[in-house]
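Please look over the structure shown below before reading on. The report that follows takes up a helix pair and then some aromatic rings.

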Amino acid sequence: ASYSFVRRMLNQGLLPQSDAVRAEELINYFDYSYSLPESKSQPFEPSVAVVDSPWAEGRQLMRIGIKGYDIAASEKPRTNLVFLLDVSGSMNSPDKLPLVKQSMEMLLSTLDPDDTVAIAVYAGAAGTVLEPTPVKEKQKILDAMRQLSAGGSTAGAQGIRLAYELAESQFDKDAINRVILATDGDFNVGITNQRGLQSFIERKRDKGIFLSVLGFGQGNYHDSLMQTLAQNGNGVAAYIDTLSEAQKVLVDEASSNLFPIAKDVKLQVEFNPAMVAEYRLIGYETRHLNREDFNNDAVDAGDIGAGHTVTAIYEFTPVGSDARQIEDSRYAPKMEKLEGKGDEYAFLKIRYKLPDEDTSKLITRPITKQDVAGLEGDTGFATAVAGFAQILKGGKYTGDFDYDDVIELAQKTKGQDPYGYRSEFVQLARKAKTAAAMQAR
């Protein structure tokens with residue numbers, strides 16, 4: 001969601017508010033060509049690179065990436081979807097309800113004839129527009145959707161209850177059961193308590209019905225609420241600002257957004273104090289887990305869909321570097337090279353559960369000097385995006401690294417760009433430079 005929201009603001013000549021910039025969502029907006037696992041029983045193959053930081057001499061970046069097992073079309077499970085569409089008065093805008101309808105029609109084109117779709121709406125009250133209907137009756141679904149118009153107040157929580165009732169009526173434990181909420185985020189009638197809404201969605205998630213959230217429009221978009229609902233519903237939160245973004249999220253990335261290949265995925269990195277003096281994770285502020293929760297299978301974490309890539313970037317200062325910012329603790333023990341671990345920067349652990357299992361599995365991998373690489377290819381481009389996000393948030397750690405440096409690095413490393421997303425990013429960096437100059441006057 002964050003990337004497309006940032007894009008919309010920059011396209012209007014405005015810098016986004018720093019709180020709207022989530023670095024991990026900008027980095028993960030792009031696909032990266034990490035190696036694919038061979039089997040869905042171990043659905044990840046970690047990819048790691050250690051490079052020099054382009055914004056802080058003496059520091060290094062550790063790029064960790066995973067790509068989910070990509071299921072073949074013949075392996076796709078059946079899908080039961082409920083479209084929960086906001087038709088309140090605030091949706092009466094070309095970039096809201098009309099774009100919602102076009103987006104849902106796009107998603108419909110990716111489904112199989114035996115999949116089912118139901119449509120619920122909410123405004124002053126909630127109602128069922130279409131009972132669960134096989135996709136082979138496509139025209140009936142389209143007719144129901146095209147007749148919708150906007151008007152009334154917003155009873156979001158009431159609509160969510162109705163949508164889950166429709167999902168439960170067609171529930172199939174061997175299928176994907178998902179509610180897709182499309183809204184401008186304005187929940188002003190019904191349960192407005194965020195904790196109560198979150199608890200309701202968590203209970204339904206535990207029964208096997210997931211929730212994804214698509215945000216539209218601007219002015220009253222409640223980003224934090226949409227993020228909370230999607231995270232607790234084991235779904236994605238996307239912000240649809242254009243038809244091409246709908247194409248990306250609902251068609252090009254349909255498999256990764258609809259078909260989970262692993263649930264409760266957790267990554268943990270343990271740094272070697274003999275090699276690493278200090279470190280920080282770029283982004284992920286709203287997704288931190290307590291250390292003790294990593295091995296606790298009762299603690300919920302994110303799902304990863306078929307073919308989905310996830311990237312995390314740490315910045316760290318090697319022991320002995322003058323770039324260090326934190327002094328030694330008075331009481332810290334002196335660290336010597338650990339026996340047999342002298343070339344290890346860190347140890348990576350990944351926990352995950354297969355979709356139909358409740359006990360997690362573990363993947364581990366040491367990160368060593370053998371992982372040192374050049375600032376090029378996917379790693380270079382992800383670094384350019386990470387730098388861009390940090391500058392938008394105020395540039396607390398990026399020193400003199402500026403928008404020109406972002407543009408230069410992104411241009412050098414954008415590689416294959418079949419959909420033009422990376423070229424668009426370069427243009428956004430140029431627009432951010434212009435907007436920043438205007439704001440500084």
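## Two helices

Helices here are DSSP runs (H or I, at least four residues) and strands are E runs of at least two, numbered from the N terminus.

Helix α6 (residues 194-206) packs against helix α7 (residues 223-232) at an angle of about 25°, with the axes 8 Å apart. The two helices are therefore roughly parallel, a term kept for angles under 35 degrees.

## About the model

This is a predicted model, in which local features need pLDDT of at least 70 and side-chain atom pairs count only at pLDDT 80 or more, while totals for chains, interfaces and linings use all residues. Residues are numbered from 1 along each chain as its sequence is written, and side-chain values use heavy atoms, with hydrogens and water left out.

## Aromatic pairs

Rings of Phe, Tyr and Trp (its six-membered ring) pair if their centres lie within 6.5 Å, and planes under 30 degrees apart count as stacked, over 60 as edge-to-face and the rest as tilted. A search of the whole structure finds 20 aromatic pairs. One of them joins Trp 55 and Phe 401 edge-to-face, at 5.5 Å centre to centre and 65° between the planes.

Trp 55 has a relative accessible area of 8% and is therefore buried, where buried means under 20%, exposed over 50% and partly exposed in between (1.4 Å probe, protein chains only). Phe 401, at 9%, is buried as well.

Conventions: Axes fitted to C-alpha atoms, helices over the stretch in contact; angles between N-to-C directions. Parallel < 35°, antiparallel > 145°, perpendicular 65-115°, else oblique.
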